[in-house]
Amino acid sequence: MIGALNHLAIAVPDLKAAVQIFRAGFGANISQPCPKPEHGVTVVFVELDNTKIELLEPLGEDSPIQKFLDRNPGGGIHHFCLEVDNVKDAITQVKSNGLRVLGESEPKIGAHGKPVIFLHPKDCLGALIEFEEK
């Protein structure tokens, strides 16, 4: 069911400072910041040969990323994203195996413009896992 690692997401309190670490410190290729108000974040992608690192900065106090940063003020790994052929089929399969999908079990459109869902971390070894349709 699962395919490649699409990205690893890091919540950051200061997007410009985080970009500087990857750009100046590592010489990484980085996308332009993209506000995603529907998700409460501004996103940039650090492009790697085989995957991406997604840097997430909260947009407002109600952002789920702000809540994460309230608990982890310096930032940290927020989630990882795995590709699936079909998100709705993946929902059916994980639910039949007793895993919970966050939200209303309906996919949302993610930062790449594709359907995504998140699995409950308590069912996934403490990790927040995102599925993104290929």
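A salt bridge is a side-chain nitrogen of Lys or Arg within 4 Å of a carboxyl oxygen of Asp or Glu. The exercises below apply this to a predicted model.

**Exercise 1.** How many salt bridges does a search of the whole structure find, and at what N to O distance do the side chains of Arg 100 and Asp 123 meet?

Solution.
- Step 1: The search of the whole structure gives 2 salt bridges.
- Step 2: In one of them, the side chains of Arg 100 and Asp 123 meet at 3.0 Å, N to O.
- Step 3: Arg 100 sits in the loop between H3 and strand E7 (108-109), and Asp 123 in the loop between strand E8 (115-119) and E9, so this pair ties together parts that are 23 residues apart in sequence.
- Step 4: Arg 100 has 41% relative accessibility and therefore counts as partly exposed. Asp 123, with a relative accessible area of 24%, is partly exposed.

**Exercise 2.** Which parts of the chain does the pair of Lys 134 and Asp 85 tie together?

Solution.
- Step 1: The salt bridge between the side chains of Lys 134 and Asp 85 has an N to O distance of 3.2 Å.
- Step 2: Lys 134 belongs to the segment after strand E9 (129-133), while Asp 85 belongs to the loop between strand E6 (76-84) and helix H3 (87-96), so the parts joined are 49 residues apart in sequence.
- Step 3: Both Lys 134 and Asp 85 are exposed.

**Exercise 3.** In what order do the elements of the chain run from the N terminus on?

Solution.
- Step 1: The chain contains 3 helices and 9 strands.
- Step 2: From the N terminus on, their order is β-α-β-β-β-β-α-β-α-β-β-β.

**Exercise 4.** Which radius of gyration does the chain have, and what would a compact globule with 134 residues have?

Solution.
- Step 1: For 134 residues, a compact globule would have a radius of gyration near 14 Å.
- Step 2: The chain has 15 Å, which agrees.
- Step 3: Along the principal axes, the C-alpha atoms fill a box of roughly 45 × 35 × 25 Å.
- Step 4: Of the contacts between residues at least 6 apart in sequence, 52% join residues at least 24 apart.

**Exercise 5.** What share of the residues counts as buried, and what share of the accessible surface belongs to carbon and sulfur atoms?

Solution.
- Step 1: Buried means under 20% relative accessible area; 41% of the 134 residues count as buried.
- Step 2: The accessible surface of the chain is about 7,600 Å², and 54% of this belongs to carbon and sulfur atoms.
- Step 3: As for charge, the chain has 13 positive and 18 negative side chains, with the centres of the two sets 2 Å apart.

Key
Residues are numbered from 1 along each chain as its sequence is written. This is a predicted model: local features need pLDDT of at least 70, side-chain atom pairs count only at pLDDT 80 or more; totals for chains, interfaces and linings use all residues. Side-chain values use heavy atoms; hydrogens and water are left out. Helices (H or I, at least four residues) and strands (E, at least two) are DSSP runs, numbered from the N terminus. The radius of gyration is taken over C-alpha atoms; the globule rule is 2.2 Å times the number of residues to the power 0.38. Buried means under 20% relative accessible area, exposed over 50%, partly exposed in between (1.4 Å probe, protein chains only). Contact means heavy atoms within 4.5 Å. Accessible areas come from the Shrake-Rupley method with a 1.4 Å probe; for residues, only the protein chains shown count as cover. Lys and Arg count as positive and Asp and Glu as negative; His and the chain ends are not counted. The place of a charge is taken as NZ of Lys, CZ of Arg, CG of Asp or CD of Glu.
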